[in-house]
Amino acid sequence: MSMRIGYGYDSHEFRPGVPLVIGGVRLEHTHGLAGHSDGDVLLHAITDALLGAVAVGDIGSFFPPSDPQWKGANSVIFLEEAMRQISLAGYRVVNADTTLIMMAPKIVPHAEKLRARVAELLRVEKSCVGIKAKTPEGTGTDNAAIAHAVVLLEHI
Ligand code: MG
């Protein structure tokens with residue numbers, strides 16, 4: 001069976017008065033993530049992992065940050081395009097694993113909700129999505145949210 005692996009990384013800075021959206025889920029917090037789109041660091045990392053798995057570029061090549069039409073965009077749009085790209089290449093998602101790194105808010109209380117939403121977007125069972133959370137100890141990035149993602153694809 002033909003399989004492909006993909007890896008993605010993203011980071012965004014926290015900013016007061018911006019809604020916080022992670023993994024397509026709105027979380028209550030004092031700060032949101034600054035970015036050209038809605039700043040959904042997790043969906044951006046997963047999008048890059050999907051695009052990387054089929055080697056068709058990255059999120060910036062599909063959705064240039066210089067293009068005003070993506071200002072404040074729902075990052076689900078980016079992920080859906082990446083899903084379309086893997087499908088065009090003849091693949092589907094087997095599983096995804098991710099790590100979120102941020103000082104606050106705590107992700108663990110929301111992890112099940114994030115898993116369910118990401119699983120729905122990747123069209124896999126919830127048991128095929130890992131959401132792990134860490135604090136940025138010793139990295140000096142307390143004002144940033146960082147996400148790493150790997151995805152495994154199988155040929156249809
Ligand atoms: Mg981003």
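This is a predicted model: local features need pLDDT of at least 70, side-chain atom pairs count only at pLDDT 80 or more; totals for chains, interfaces and linings use all residues.
Local features need pLDDT of at least 70, side-chain atom pairs count only at pLDDT 80 or more, and totals for chains, interfaces and linings use all residues. Residues are numbered from 1 along each chain as its sequence is written, and side-chain values use heavy atoms, with hydrogens and water left out.

The magnesium ion has three protein donors: Asp10 (OD), His12 (NE2) and His44 (ND1). They lie 2.1 to 2.2 Å from the ion. Donors are N, O and S atoms within 2.8 Å of the metal (3.2 Å for Na, K and Ca); water is not among the atoms, so sites may look incomplete. Along the chain, the donors follow the spacing D-x1-H-x31-H.

Asp10 is buried at 16%. His12 is buried at 13%. His44 is buried too, with a value of 6%.

His44 sits in helix 1 (residues 41-53). Helices (H or I, at least four residues) and strands (E, at least two) are DSSP runs, numbered from the N terminus. The His44 side chain makes a polar contact with the side chain of His12 at 3.2 Å. A polar contact is a pair of N or O atoms within 3.5 Å; within protein, one must be able to donate a hydrogen and the other to accept it, and residues adjacent in sequence count only if both atoms are side-chain atoms. Beyond four places in sequence, His44 touches Asp10, His12, Ser37, Asp38, Gly39, Ile59, Ser75 and Phe78. Contact means heavy atoms within 4.5 Å.

The largest pocket holds about 210 Å³ of space. A pocket is an open set of points on a 1 Å grid over the protein atoms alone, with protein on both sides within 12 Å along at least five of seven lines; lining residues have an atom within 4 Å of a point. The volume is the space filled by probe spheres set on the points. Asp10, His12 and His44 are among the lining residues, which also include Trp70 and Phe78. Strand 1 (3-16) and helix 2 (59-62) each give two or more residues to this lining.

Cys128 lies in the loop between helix 4 (111-122) and strand 6 (129-134). Cys128 is partly exposed, at 24% relative accessibility. Cys128 and Val94 are 34 residues apart in sequence, yet their C-alpha atoms are 7.1 Å apart.

Notes
Buried means under 20% relative accessible area, exposed over 50%, partly exposed in between (1.4 Å probe, protein chains only). On a 1 Å grid over the protein atoms alone, a cavity is a set of points where a 1.4 Å probe fits but cannot get out, and a pocket is an open set with protein on both sides within 12 Å along at least five of seven lines; lining residues have an atom within 4 Å of a point.
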